[in-house]
Amino acid sequence: MTGIVIPVTATAEGGAVTDLDSRPAGPASTWRERERRAERILDAAGELLVAWGYPRITVEDVARRAGVGKGTVYLHFSTKDLLFLAVLIRAEARIIERFAAGVRADPSAVLLSSVARSTYLWMHEEPIFRATLLGDGDTLGTLSRSAAENLPDLLDVRDRTLRAHVEVLREHGLVRTEQSPALQVHAYESILTGFVTIEPLSPSTVPALADNADMIAHVVRSAFELPGRPESVRAAAPRVNEIYQRLLDRLNEEIHRHRRT
């Protein structure tokens, strides 16, 4: 993730500002049914992604599994790519919720080494991300390009989330300051993305999952972190959690927008 954000996912519709607090016109039962229908579509798409892989799936397959017509899928998601980006958004939101709970339980979870280790493990535990990041290589490229083309504004929000995280840690003396935050963000993302994306390319050389997670933490700690006092970590934790809560809100808003289409 970028910080705790998955490297290849996107979070919203590019350029558009949506009034996500307003409900569509009509009786409450109508918009509730729209939400339930969109959830069925996302569930079906996620199940097929895990079972078949992205390239083999058609919108007709998703519609059939969700028990709706093909046109109904397009009412919520205008393209296949946007449908599966929404599936990834939902999975990413679940991981950010885990991160927030972890920080409340242990403030040291905000340290970059801890974030990198947890993110690596969670990506392997989450079936959606396993299918996307560790499955067919073309899927990663296709959805990354689609995110850049269709969802640029909230991709920017995601980038700014990690930068804000790093800046809070720098302010509290928990991260080195010789390099700029922008360089540190790029390096951190490169480390995490590299550890993940090399696995399908060289599966026979990949260490045990826990060992690899520990190594990622070691690399990130060596590259970025400074020994910090416990009180500094405790002071940084609520600010970092607030940063990711704002991102989580944006992710959930995008999911709700499709539910109410």
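1. A pair of aromatic rings is described by the distance of the centres and the angle of the planes. For Phe 99 and Tyr 244 the centres are 5.1 Å apart and the planes stand at 70 degrees, so the pair is classed as edge-to-face; the cut-off for that class is over 60 degrees. The model contains 3 aromatic pairs in total.

2. A further contact to an aromatic ring concerns Lys 80 and Tyr 54. The charged end of Lys 80 sits over the ring of Tyr 54, at 4.2 Å from the ring centre.

3. On overall architecture, the protein chain has 11 helices and 0 strands. Followed along the sequence, its pattern is α-α-α-α-α-α-α-α-α-α-α. Of the contacts between residues at least 6 apart in sequence, 80% join residues at least 24 apart.

4. Which residues have the most contacts inside the largest nonpolar core? They are Val 62, Leu 83, Phe 84 and Tyr 188, in a core of 76 residues. Helix H4 (residues 80–105) supplies the largest share of this core, namely 14 residues. Beyond its neighbours within four places in sequence, Leu 83 is in contact with Ile 41, Leu 42, Ala 45, Val 62, Val 73 and Phe 77.

5. Burial and surface may be stated for the chain as a whole. Buried residues account for 48% of the 261 residues in the protein chain. The chain exposes about 11,900 Å², of which carbon and sulfur atoms supply 53%.

6. Glu 47 belongs to helix H1 (residues 28–52). Glu 47 is partly exposed, because its relative accessible area is 39%. The C-alpha atom of Glu 47 is separated by 9.0 Å from that of Pro 127, although the two residues are 80 residues apart along the chain.

7. Asp 159 is found in helix H8 (residues 152–171) and is partly exposed, with a relative accessible area of 39%. From C-alpha to C-alpha, Asp 159 and Val 185 are 8.5 Å apart in space, and they are 26 residues apart in sequence.

8. Arg 145 and Asp 81 are 64 residues apart in sequence, with a C-alpha to C-alpha distance of 9.7 Å.

9. Finally, a caution on confidence. The mean pLDDT of the protein chain is 86, and 87% of its residues reach 70 or more. Over residues 5–25, however, pLDDT stays under 50, and the model has 70 contacts beyond four places in sequence for this segment. Where pLDDT is low, the predicted coordinates should not be read in detail.

How values were computed: Residues numbered from 1 in each chain as written. Predicted model: local features only at pLDDT ≥ 70, side-chain atom pairs only at ≥ 80, totals over all residues. Heavy atoms only, no water. Core = buried A, V, L, I, M, F, W, Y, C linked by side-chain atoms within 4.5 Å. Buried < 20%, exposed > 50% of the residue type's maximum accessible area, 1.4 Å probe, protein only. Helix = DSSP H or I, 4+ residues; strand = E, 2+ residues; numbered from the N terminus. Contact = heavy atoms within 4.5 Å. Phe/Tyr/Trp six-rings, centres within 6.5 Å; stacked < 30°, edge-to-face > 60°. Lys NZ or Arg CZ within 6 Å of the ring centre and 35° of its normal. Areas by Shrake-Rupley, 256 points an atom, 1.4 Å probe, with all protein chains shown as cover. pLDDT = per-residue confidence, 0-100.
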